[in-house]
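Trainee: Before we start, could you show me the molecule that we are going to read together?

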Amino acid sequence: MRLPLTIADFEARAAELLEAGPLGYYAGGAGDEITLRDNVDGWRRLAIRPRTLVDCSLIDTRTTLLGRERRHPIVVAPTAFHRLATPDGERATARAAAATDTIFVLSTLATSGCAEVAAACPEGGARWFQLYVFKDRGVSRELVAMAAESGYEALVVTVDMPVLGVRERDLRSGFAVGEATAIPMVERGGGRGRMSMPDVVSLIDPALRWSDIEDLAAESGLPVIVKGVLAPEDARRARECGAAGVVVSNHGGRQLDTVLSGADALPPVAEEVGDEIDVLVDGGVRRGTDVLKALALGARAVLVGRPVLWGLAVGGEEGARRVLEILRGELETALALAGCPRASELDSSWVQRAPWAGSGAGHR
Ligand SMILES: Cc1cc2nc3c(=O)[nH]c(=O)nc-3n(C[C@H](O)[C@H](O)[C@H](O)COP(=O)(O)O)c2cc1C
């Protein structure tokens, strides 16, 4: 299969292939989509300060996450409903991630169960489980137990969806997941038949509190990563509640519009807790240079959402694998050209606010 060259090319091709409803759901954001766009622009507002005459004959992209060494700092973000992009759904994504040594975070809203996804990955890629806490806490406990049994190494607890963001593309298209596409873990939580996102979110507990994070960290038997933190004081609170990490994230611009981009929210969070727990970031990562900038600003890893969905839509498992290979290849090139062959040695001296920031020159 001849696959596109860049993430942007994948995005354009996926937009031709996907039907209007799923395309709007994947691509869209909340409100006026200001944060959606700014997630991408945030990385572009930063310039790289390269050093030269550094031996770059060996490039080392390794990072440490949850105390374990990983070959590179790119992680597949949890995203819902992969069967809308490819018939094999999350099983294809899990295999693509395993083939590229990429951690795969499986969403609670997956169109395959967590055990099924684990079984689809005989070579045993690293997997984390993203948890939405249902109103029925018994179901959440069951999901956590199933994830632990199926070899998921961490719980990524998403905390930025007490209610659904105002997603106007979905409202216009009437997007819902058809009866033919099961969402097994949502069905355990009481979901039935054709479901819109408001139907799904009505099962999620809007009363989730910090004490619940404390309980999960103490009782789940898995390290807990709190996803959806933008303020350093919340990152501190997560640390105090026993979390092993935080994901600086605005949910891909899909929840509250006009919040800070991942790139802008990251530095104060990394400053506050980066020496104590793992800080990860997501939103708008589309190039290896974006990954380099995130690491320079204090992240240990980045999560990538939509690009993987574009990969699945264009080429199934192979497409997703190619997307992950592109990002990793670009990161290696960027590290060499920036004169920092070891990713773990990046620091804030490698980036500065770009002189073109605010001028619109960073836009395509
Ligand atoms: C189509 C779609 C579905 C998503 N579903 C989930 C989800 O089920 N759980 C979750 O924690 N985050 C979900 N997210 C947010 C992603 O995990 C991630 O924060 C975001 O996509 C990162 O931004 P990017 O798409 O620009 O890389 C979803 C994002 C998209 C685009």
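This is a predicted model: local features need pLDDT of at least 70, side-chain atom pairs count only at pLDDT 80 or more; totals for chains, interfaces and linings use all residues.

Trainee: Which strands make up the closed barrel, and in what order do they run?

Mentor: Strands belong together when DSSP finds at least two bridges between them. Here eight strands form a closed barrel with parallel pairing, running β4-β5-β6-β7-β10-β11-β12-β13, and neighbouring strands of this sheet are turned by 30° against each other on average, direction ignored.

Trainee: Over how many bridges do β4 and β13 pair?

Mentor: Strand β4, residues 74-76, pairs with β13 in the parallel sense over three bridges, and within this pairing Ile74 stands opposite Val302 in β13.

Trainee: Which strands do helices α4 and α10 lie across?

Mentor: Angles are taken between N-to-C directions and run from 0 to 180 degrees. Helix α4 (residues 89-99) lies across β4, β5 and β6, running at about 160° to β5, while helix α10 (residues 210-219) lies across β7 and β10, at about 155° to β10.

Trainee: At what angle do α3 and α12 pack?

Mentor: Helices α3 (residues 34-44) and α12 (residues 262-273) pack at about 65°, with their axes 7 Å apart; Asn39, Gly42 and Trp43 of α3 make the contact with Gly262, Ala263 and Asp264 of α12. These contact residues divide into two nonpolar, three polar and one charged.

Trainee: Which residues come nearest to the ligand?

Mentor: Of the 24 residues around the ligand, the nearest are Ala77, Ser107, Thr158, Gly252 and Gly305. The shell comprises nine nonpolar, eleven polar and four charged residues, and α2 (20-27) and β13 (301-304) each supply at least two of its residues.

Key:
Residues are numbered from 1 along each chain as its sequence is written. A residue is near a molecule or strand if its C-beta atom, placed from the backbone, lies within 6 Å of it. Helices (H or I, at least four residues) and strands (E, at least two) are DSSP runs, numbered from the N terminus. Ala, Val, Leu, Ile, Met, Phe, Trp, Tyr, Cys and Pro count as nonpolar, Asp, Glu, Lys and Arg as charged, and the others, Gly among them, as polar. Two residues are in contact if their C-beta atoms, placed from the backbone, lie within 7 Å.
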